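Subject: Structure handover

Hello,

Here is the structure I said I would pass on. My notes on it come after the coordinates.

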Amino acid sequence: MKKIAAFALATSLMVGLSACSSSSEKTDNAKGGNEITLAVWGSSPAETKALEATIDSFEKASGKNVKVEVIQDNFQDALTARFAAKNAPDVFYMEAYAAPKFIKSGVLADISNEAKNQEDFYEPLIDSFKGEDGKLYALPKDYSTLSLYVNTDLLTKAGFNVEDIPSDWKGLLEFSEKVQAKLDKGQAAMVFDNTMARHLSAMIASGLNPVTEDGKADFTSSPEAISYLESLVEGQDKGYLANPKTDLGVDWAGAAFGVNKAVFMIEGNWVLSALKTDYSDVKYQVFPAPKVNGKEQTMTFTVGYAIAKDSENKETAVEFINYMTGDGLKQWSEGSGTLPSRISTSEEMKVNEDPVLKAHVEGAEYGTVWSSGVNLPVISQAFDNQFMAALNGDKSVEQAMKDAEQEANDEIARQE
């Protein structure tokens, strides 16, 4: 598809090129407003192919044209630079995590009155693209949730079966310690990710929301949350929780699972492509993420289509995003292997009847979306920094969380 162009430019260079090309692009845009630009990041071959096919369908149905720009590196920085240069794309991918910042800056178009059938989207997904004013600034194109993956061959070899697996976090850790004792050297009962993006829902289930109502950091007000984090450190120290790269010598959790180095992983449905193509011999089952303190919990990650407020082609842009999240959603979801953001499309595709996808789809109803105000990037970075110190044994978890809270709030105050 020749219309797709790839950009792997440093932010400063992007600003310069954008400024230089803005006049010619505006000339093109003036031709009836029948062409829009769409900025996306680099993706898997399956997603790229699905995007091309769904855009082709839109173009045939509408008679409009879509020029796709692939920004390979530093997508959010490049997008920010494009806005600064007054040369933003008409439509662009928008992570829920980054949405509050862009909404607050006033660069996104309010699509509250143009978005179709909003009640059909999973509520947590569409709500993550609403501002404090209640207005809607993007439409979710798909989502991922975390679920528990079990390598059934390794589990059986260790002398257990899936019926033995507890459904709660504390029980799962105790079970993992038993499984670890039966594994070969170089294998781990469970691989884990130590970033806040993976543990926000568990902390909330433990009575702690790290982002307060006034946008500050809170990592210390819940003893239950401290205990939850301490369980990760203890599991690592005892060897039944492992980091894929540093402990097992592989790049990511899916690879550790795929080469039979891990019995359990709590991962998103993005691993399925690799399991199907790269590790097709691995036998596995998928279950809901473990309950924490008796509460269902999981993390939800979603990306939306947003429109630049100053787009000269807003009518076509709105038509495009409504198509991609409406008539074209099933085509996109089937081709890319992603989960559809609309309930009706999920039902039509019967994804909740798929034994592999069922837990992921159910998680969309109660999952915590990775988005929580403009200060979440600062707060999560402070957590990641300090929790790593706890995992390395340099600090207690309690001290690390005190330091994370201080680090985040000092930076928030500095930025204010």
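This is a predicted model: local features need pLDDT of at least 70, side-chain atom pairs count only at pLDDT 80 or more; totals for chains, interfaces and linings use all residues.

Residues are numbered from 1 along each chain as its sequence is written, and side-chain values use heavy atoms, with hydrogens and water left out.

Pockets

A pocket here is an open set of points on a 1 Å grid over the protein atoms alone, where a 1.4 Å probe fits, with protein on both sides within 12 Å along at least five of seven lines; lining residues have an atom within 4 Å of a point. A volume is the space filled by probe spheres set on the points, which are joined across faces, edges and corners.

The largest pocket has a volume of about 1,000 Å³. Its lining has 35 residues, with E47, S144, N269, W270 and T338 nearest the centre. Elements that each supply at least two lining residues include α2 (45-62), β5 (139-151) and β10 (299-307). Helices (H or I, at least four residues) and strands (E, at least two) are DSSP runs, numbered from the N terminus. By type, the lining of the largest pocket divides into 17 nonpolar, 12 polar and six charged residues. Nonpolar covers Ala, Val, Leu, Ile, Met, Phe, Trp, Tyr, Cys and Pro; charged covers Asp, Glu, Lys and Arg; the others, Gly among them, are polar.

The second largest pocket has a volume of about 540 Å³. P100, K104, E132, G373 and V374 are the closest to its centre among the 22 residues that line it. Both α4 (99-105) and α18 supply at least two residues of this lining, and α4 gives the most, with three. The lining of the second largest pocket divides into six nonpolar, eight polar and eight charged residues.

Helix α18 (residues 397-415) has 19 residues and reaches 27 Å from its first C-alpha to its last, close to the 27 Å expected at 1.5 Å a residue. The expected span is 1.5 Å times one less than the number of residues. Its buried residues are V397, A400, M401, A404, E405, A408, N409 and I412. Buried means under 20% relative accessible area, exposed over 50%, and partly exposed in between (1.4 Å probe, protein chains only). Seen down the axis of α18, the buried residues fall within an arc of 155°, so they line one face of the helix. The arc is that of the directions from the helix axis to the C-beta atoms. Their cover includes α9 (223-238) and α17 (376-391).

In α17, the buried residues include L376, F383, F387 and L391. The buried residues of α17 pack against α8 (196-205), α9 and α18. Just after α17, G393 takes a positive phi of about 85°.

Single residues

T145 is found in strand β5 and is buried, at a relative accessible area of 0%. Contact means heavy atoms within 4.5 Å. Leaving aside neighbours within four places in sequence, Y323 is in contact with T54, S57, F58, A61, G328, L329 and Q331. Y323 and A115 are 208 residues apart in sequence and 10 Å apart in space, C-alpha to C-alpha.

D73 sits in the loop between β3 (65-71) and α3 (75-84). With a relative accessible area of 40%, D73 is partly exposed.

Regards
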